[in-house]
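Biologist: I am new to this structure. Please show me how to read its features, step by step.

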Amino acid sequence: MVALALCIVALAGCRPEEEVRTYRIAKPADAPSAASETPQPVAPETAAKPPSGEPTDRMIGSIVPGPSQAWFFKAVGPKAAIDDAADAVTAFLASVRFEGDKPKWETPEGWTEEEAGGMRLATLKVPAEEGTESIEMSVIGLPLVGDWDAQVLDNANRWRKQLQQPPLAAEAIGDELKPLADVAEGAVLFDTVGWFDGGTMAPFAGGAAPFASATPPAAPAAPAAEQREMKYQSELQSTTPDGWTEEPGSAMRKASLRTPGGAVLTGFAFPLTGAMGDRLENVNRWRGEIGLEPTTADELEAQTEEMKLLGSDGAYFEMVGETETTHAAMVEREGQVWFFKLRGPVEEVANERDAFKKWLESLSLEGAEK
């Protein structure tokens with residue numbers, strides 16, 4: 001018995017000790033935390049792979065530092081609709097100015113404006129092609145943070161996330177965002193395509209959730225039959241080249257034609273404010289649309305053909321990209337700047353070059369000499 005007891009004791013001494021195990025219990029997301037008052041650094045997100053196929057949506061916006069707030073202007077919608085309104089939207093964003101703490105602008109002809117509340121200062125409705133919904137541009141003010149470059153990068157990447165595009169690194173921001181120096185020092189233009197997922201409004205500095213938008217409900221859409229009857233008249237007169245087709249215009253689009261091979265001609269008129277009449281800025285915007293690098297003032301002077309447009313001294317430019325070409329002309333007349341642009345496949349625009357120039361020469365305004 002003694003021997004048996006000794007064996008049992010010996011075996012017990014050889015058994016491994018109980019293992020101490022610890023478990024981490026996930027805290028409910030809505031549980032209060034003493035640390036929640038102070039934003040904590042978070043690891044960068046891993047960008048999801050964007051959908052396959054051609055991008056379906058386009059977003060054009062600007063991020064602008066004001067005297068006491070950061071301001072965000074954003075228009076997003078189907079790519080075809082935004083493409084049609086891109087020149088008008090870009091010109092509007094470049095025309096914004098500050099009087100006091102809030103941005104001011106002149107609402108373009110044909111646009112409508114609704115006051116909002118909370119963070120949203122206003123909602124502008126940009127007319128689109130006949131039979132399609134108007135494009136909505138929101139104007140939102142948020143607190144400024146200490147580092148403007150960081151705030152720009154954070155919000156640009158939030159917009160890219162809404163388009164299901166990967167985030168930008170800080171060193172790449174200059175390639176993606178274009179300066180709007182005439183609006184404010186540090187103001188930038190954002191223009192990216194992707195697959196819009198609905199998104200959210202801009203977050204407050206420090207990560208606090210935004211208030212719900214107080215935008216009043218939109219008025220009911222006009223019946224389809226009524227929409228089909230909507231026509232926009234332009235004071236611009238011209239002779240349509242053989243084989244070209246005229247397309248519906250809008251309150252902001254003074255001319256809209258298409259060549260047999262699918263190149264698109266558009267004509268716009270805007271108030272001559274800010275840098276609207278700056279040849280270099282406009283040409284570099286058009287160059288960027290077809291994948292070309294910006295040019296310089298000296299290079300542009302050598303590339304510019306002076307020509308008469310609407311009875312005034314205008315300028316003509318040709319920009320040839322890898323897959324697309326843009327031929328454009330602009331002229332200042334009676335407080336307005338007029339833009340005429342033919343854009344399409346390289347070969348098609350080359351074939352229609354002479355027809356485009358003859359069309360430009362045919363232009364006149366009602367009640368005015370050519």
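Modeller: Start with helices and strands. Helices (H or I, at least four residues) and strands (E, at least two) are DSSP runs, numbered from the N terminus. This is a predicted model: local features need pLDDT of at least 70, side-chain atom pairs count only at pLDDT 80 or more, and totals for chains, interfaces and linings use all residues. Residues are numbered from 1 along each chain as its sequence is written, and side-chain values use heavy atoms, without hydrogens or water.

Biologist: In which helix is Asp87 found?

Modeller: Asp87 lies in helix H2, residues 79-95.

Biologist: Is Asp87 buried or exposed?

Modeller: Buried means under 20% relative accessible area, exposed over 50%, and partly exposed in between (1.4 Å probe, protein chains only). Asp87 has 7%, so it is buried.

Biologist: Which side chain does Asp87 join in a polar contact?

Modeller: A polar contact is a pair of N or O atoms within 3.5 Å; within protein, one must be able to donate a hydrogen and the other to accept it, and residues adjacent in sequence count only if both atoms are side-chain atoms. The side chain of Asp87 makes one of 3.2 Å with that of Lys341. Contact in general means heavy atoms within 4.5 Å. Beyond its neighbours within four places in sequence, Asp87 is in contact with Phe268, Phe270, Arg285, Trp286, Glu289 and Lys341.

Biologist: Now strands. Which strands pair with S16?

Modeller: Two strands pair if DSSP finds at least two bridges between them. S15 (residues 312-320) pairs antiparallel with S16 over seven bridges. A hairpin of three residues links S15 to S16. There, Ala315 has Met330 in S16 as its bridge partner. S16 also runs antiparallel to S17 (residues 336-345), with 10 bridges. Ala329 faces Phe340 of S17 across that pairing. Two residues separate S16 and S17 in their hairpin, and Glu334 in the turn has a positive phi of about 50°.

Biologist: Why is S16 described as largely enclosed?

Modeller: Eight of the 10 residues of S16 (residues 324-333) are buried, so the rest of the structure largely encloses this strand.

Biologist: What is the strand order in the open sheet of seven strands?

Modeller: The order is S5-S6-S7-S2-S1-S9-S8, with antiparallel pairing. S5 (112-115) and S8 (178-179) are the edges; each has a single partner strand, so one side of each lacks a neighbour in the sheet. Inside the order, S6 (residues 120-126) and S7 (residues 135-143) pair antiparallel over six bridges. Lys125 stands opposite Glu136 in S7.
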